[in-house]
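Subject: Structure handover

Hello,

Here is the structure I promised to pass on. Please open it first, then read my notes below.

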Amino acid sequence: MRRVRFCAFLTGLLLATPAFAADSWHSLQQQAKGQTVWFNAWGGDPAVNRYLEWVSGEMKTHYAIDLRIVRLADAADAVKRIQTEHAAGRNRNGSVDLLWVNGENFRTLKEAGLLQTGWAQQLPNWRYVDTRKPVTEDFAIPTEGAESPWGGAQLTFIARKASMPAPPDTPQALLAWAQQHPGSVTYPRPPDFTGTAFLEQLLLTLTAQPDALKKAPDDTFPQVTAPLWRYLDALHPLLWRKGQDFPPSPARMDALLASGNLALSMTFNPAHARQKVASGELPDDSYSFGFKDGTIGNVHFVAIPANASASAGAKVVANFLLSPQAQIRKADPAVWGDPSVLDAGTLPADEAKRLRSHTPEALPAVLPEPHAAWVNALEQEWLRRYGTR
């Protein structure tokens, strides 16, 4: 009898847990109503900005949340603000409620204990997330529920059939192309994140010690990176403006590609070329490609600072960003074209079909990002070697 009663109690407890979670989420939504949520996000692309304005409208209409978008040139600016507030003892009512972040910026905040943790997997829409993607680690750093994924990324090259009919699919082939067509290729100046990603890509492909990239750089840094600097020393004289100047951003590279001044651009969004062709910003013969052995990719996230003034509202926004509605719209190249983090197999048939229709085909394998500490190390060494030219 005791065993029967215990089993009945346990069954009742298990059945009650989802209802309790639903009640908790409903309570949090009620708390979020009327809150102003300051969402700090990179604002360097009109398509991104238009999408976030749509999100803001949806939050106002359906959740009574006033979502304010703070457009950043670099997420590091918001990180510094959060650090300054913490140093000043402002442990509540911070100026950032939600932050688009990953990589080195995430590591900086997490190691300082400046982020809320343990909330991401509790979001109701987490059930749709494709957990085969690196959604619980960020540049090899465990997220511990401090970040909610909302988009994918992969280093992707863009060319035009008219000027580059056969894409160079290895670093060696790219160098050979530059030798045959001097002045036609370049890359964004680090610390632009796409420019730094290009350095990481080359390093990952060229180094004889790839396992060293899985941990923070140490005293083997010169040996591990030597092949990268030899490659760049050979490539730079062949670049646009002979490597004496670099475009400040991928957007500038797109413009140079469209005008015929460059034969190559690059992006961290596999659907970027389709989106820019659809908007008329790139010519119709533009196409995407990657290195045949794969290109580095990651997931980008949103995080909530520990001193956020509207935590409830921030979680409701993060949950909406994971909704099928928001993810399908974001993945549409006519809107933004940012890859989804959802598993289409978890969605109803109609939504799954729509999401799959926006998923780029024939992408190269995704290679994991090096440890987050490599970002700063590579940027500083690049600046020391090439930044003053």
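Let me start with a ring and a charge. Lys330 lies over the face of Trp336, with 5.6 Å to the ring centre. There is a second case: Lys161 sits over the face of Tyr287, at 4.4 Å from the ring centre.

Before the rest, a word on confidence. This is a predicted model. The mean pLDDT of the protein chain is 92, and 95% of its residues reach 70 or more. The exception to keep in mind is residues 1-20, where the pLDDT is below 50. Beyond near neighbours in sequence, that stretch has 0 contacts in the model. Where pLDDT is low, predicted coordinates should not be read in detail.

Overall picture

The protein chain has 13 helices and 11 strands. Its radius of gyration is 23 Å, close to the 21 Å that the globule rule gives for 389 residues, so the chain is as compact as a globular protein of that length. Along the principal axes, the C-alpha atoms fill a box of roughly 80 × 45 × 45 Å. Of the 389 residues, 53% are buried. The accessible surface comes to about 17600 Å², and carbon and sulfur atoms hold 53% of that surface.

Aromatic rings

How many aromatic pairs does a search of the whole structure find? The search gives 21. One of them is Phe157 with Phe291, a tilted pair at 5.0 Å centre to centre and 45 degrees between the planes. This pair links distant parts of the chain, 134 residues apart. Phe157 belongs to strand β7 (residues 156-160), while Phe291 sits in the loop between β9 (286-289) and β10 (295-303). Both partners are covered. Phe157 has a relative accessible area of 1%, under the 20% cut-off, so Phe157 counts as buried. Phe291 is at 3% and is also buried.

Ring pairs link Phe39, Trp42, Tyr51, Trp54, Tyr63, Trp100, Trp150, Phe193, Phe320 and Trp336. Trp336 is the residue whose face lies under Lys330.

Two buried residues

Leu52 is in helix α2 (residues 46-63). Its relative accessible area is 1%, so Leu52 is buried. Setting aside residues up to four places away in sequence, Leu52 touches Phe39, Ala41, Ile69 and Trp150. Phe39 and Trp150 are also members of the ring cluster. For scale, Leu52 and Pro283 are 231 residues apart in sequence and 26 Å apart in space, C-alpha to C-alpha.

Asn319 lies in helix α10 (residues 311-321). Is Asn319 buried or exposed? With a relative accessible area of 9%, Asn319 is buried. Leaving out neighbours within four places in sequence, Asn319 is in contact with Trp25, Leu123, Pro124 and Asn125.

Backbone points to check

A cis peptide bond joins Pro190 and Pro191, with omega about 15 degrees. Pro191 is in the loop between α5 (171-180) and α6 (193-206).

Ala64 has a positive phi, near 55 degrees, and is not a glycine. Its place is the loop between α2 and β2 (66-72). At 39% relative accessibility, Ala64 is partly exposed.

Arg241 also has a positive phi, about 55 degrees, without being a glycine. Arg241 lies in the loop between α7 (221-235) and α8 (250-258). At 48% relative accessibility, which falls between the 20% and 50% cut-offs, Arg241 counts as partly exposed.

Arg132 is in the loop between α4 (104-111) and β4 (137-138). Its relative accessibility is 68%, so Arg132 counts as exposed. Arg132 and Leu238 are 106 residues apart along the chain, and 40 Å separates their C-alpha atoms.

That is the list. Over to you.

Best wishes

Definitions and conventions: Residues numbered from 1 in each chain as written. Predicted model: local features only at pLDDT ≥ 70, side-chain atom pairs only at ≥ 80, totals over all residues. Heavy atoms only, no water. Helix = DSSP H or I, 4+ residues; strand = E, 2+ residues; numbered from the N terminus. Buried < 20%, exposed > 50% of the residue type's maximum accessible area, 1.4 Å probe, protein only. Contact = heavy atoms within 4.5 Å. Phe/Tyr/Trp six-rings, centres within 6.5 Å; stacked < 30°, edge-to-face > 60°. Lys NZ or Arg CZ within 6 Å of the ring centre and 35° of its normal. pLDDT = per-residue confidence, 0-100. Rg over C-alpha atoms; globule rule 2.2 N^0.38 Å. Areas by Shrake-Rupley, 256 points an atom, 1.4 Å probe, with all protein chains shown as cover.
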